[in-house]
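The sequence and the structure are shown first.

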Amino acid sequence: MKELDSRFRGNDSGGNSMNNDLNWRYATKKFDSSKKISKQELDELLEVLRLSPSSCGLQPWKFVVVHDPVLRKELKPHAHNQPQITDADTLIVFCALKNIDEKYVKRFIDSIVQVRAVPKESLAGYEQMMLDLIKGKGPEEIVQWMKQQVYIALGFFLAECSHRKIDACPMEGFDPKKFDEILELPKAGLESVVLCTIGYRASDDHYAALKKVRFDKNEVFIDRS
Ligand SMILES: Cc1cc2nc3c(=O)[nH]c(=O)nc-3n(C[C@H](O)[C@H](O)[C@H](O)COP(=O)(O)O)c2cc1C
């Protein structure tokens with residue numbers, strides 16, 4: 001019952017409910033591979049990725065959802081053999097586009113026209129602004145910018161996982177080139193950026209009991225009022 005209450009998302013959840021969630025979560029090292037996330041819950045979680053904000057709304061990302069145990073076994077050695085890769089319920093590979101061009105921006109504009117039922121001409125200024133933004137960046141800078149957007153989605157995703165009491169481990173400890181190769185990402189115009197494994201913690205994951213280590217407020221904030 002208590003667990004159900006903690007999942008309740010009403011207005012009475014208190015002003016600092018997200019802090020409660022963030023204190024509950026930790027980067028899970030050992031998952032209980034017998035515990036599965038329901039399809040409905042996974043779908044709702046993935047919707048958070050789709051709804052995540054990005055610069056100009058351009059969504060320069062894709063998320064590869066990997067359940068296949070054979071594939072995950074193949075990937076594991078390229079992630080320092082971290083057990084989460086195979087033992088978590090789901091592995092998600094957060095990917096950035098390898099390139100973003102005028103065609104992509106035009107497709108995005110078309111989707112705004114369709115969804116909001118606005119004339120295309122009314123978006124001419126917005127379209128030009130996005131094209132200028134892209135043109136103003138060199139190839140490396142644009143890739144870096146797209147990767148930054150992917151991390152925004154990761155942040156929202158981790159927050160939602162903690163809110164639903166689903167355990168997660170964000171992971172940068174992997175070889176992106178190897179992951180790209182195995183998952184055939186270049187063919188799809190993508191490159192892997194960061195991973196997230198999700199599921200339920202093993203009861204003997206001793207990391208779950210460790211105190212959270214964060215710098216004090218006075219080291220984190222600068223008050224210029
Ligand atoms: C972008 C990112 C990459 C991370 N990569 C790994 C990883 O490869 N393996 C791992 O076990 N933990 C990884 N972590 C977890 C961090 O070590 C962990 O979040 C940090 O120590 C703070 O602890 P907490 O999340 O338990 O509060 C990563 C975290 C982030 C945000």
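## Basis of the description

Two strands count as paired if DSSP finds at least two bridges between them. Helices (H or I, at least four residues) and strands (E, at least two) are DSSP runs, numbered from the N terminus. In that sense L91 of the protein stands opposite T197 in β4.

This is a predicted model, in which local features need pLDDT of at least 70 and side-chain atom pairs count only at pLDDT 80 or more, whereas totals for chains, interfaces and linings use all residues. Residues are numbered from 1 along each chain as its sequence is written.

## Overall organisation

The protein has 10 helices and 4 strands. Along the sequence, these elements follow the pattern α-α-α-β-α-α-β-α-α-α-β-α-β-α. Taken along the principal axes, the C-alpha atoms fill a box of roughly 55 × 50 × 40 Å.

A residue is termed buried if 20 or more other C-beta atoms lie within 10 Å of its own, exposed if 12 or fewer, and partly exposed in between, with C-beta atoms placed from the backbone. Of the 225 residues in the protein, 26% are buried. Two residues are in contact if their C-beta atoms, placed from the backbone, lie within 7 Å. Among contacts with a separation of 6 or more, 82% are between residues 24 or more positions apart.

## The sheet

The 4 strands form an open sheet in the order β1-β2-β4-β3, with antiparallel pairing. Its edge strands are β1 (61-66) and β3 (167-171), each of which pairs on one side only. Neighbouring strands are turned against each other by 25° on average, direction ignored; the axes are lines fitted to C-alpha atoms, for helices over the stretch in contact, and angles run from 0 to 180 degrees between N-to-C directions.

Antiparallel β1 and β2 are joined by 6 bridges, and F63 stands opposite F94 in β2. β3 and β4 pair in the antiparallel sense over 5 bridges, and M171 has L195 of β4 as its bridge partner.

## The nonpolar core

A nonpolar core is a set of buried Ala, Val, Leu, Ile, Met, Phe, Trp, Tyr and Cys residues joined through C-beta atoms within 7 Å. The largest such core holds 38 residues, of which F94, C95, V150, L154, L195 and C196 touch the most other members. Two or more core residues come from each of α3 (39-51), β2, α8 (139-163), β3 and β4. The greatest contribution is that of α8, with 8 residues.

Leaving aside neighbours within four places in sequence, L154 is in contact with F94, P170, V194 and C196.

G189 is found in the loop between α9 (176-182) and β4. G189 is partly exposed because 14 other C-beta atoms lie within 10 Å. Not counting residues up to four places away in sequence, G189 touches L97, K98 and N99. G189 and I100 are 89 residues apart in sequence and 9.7 Å apart in space, C-alpha to C-alpha.

E102 lies in helix α6 (residues 102-116). With 12 other C-beta atoms within 10 Å, E102 is therefore exposed. E102 and E127 are 25 residues apart in sequence, and their C-alpha atoms are 9.3 Å apart in space.
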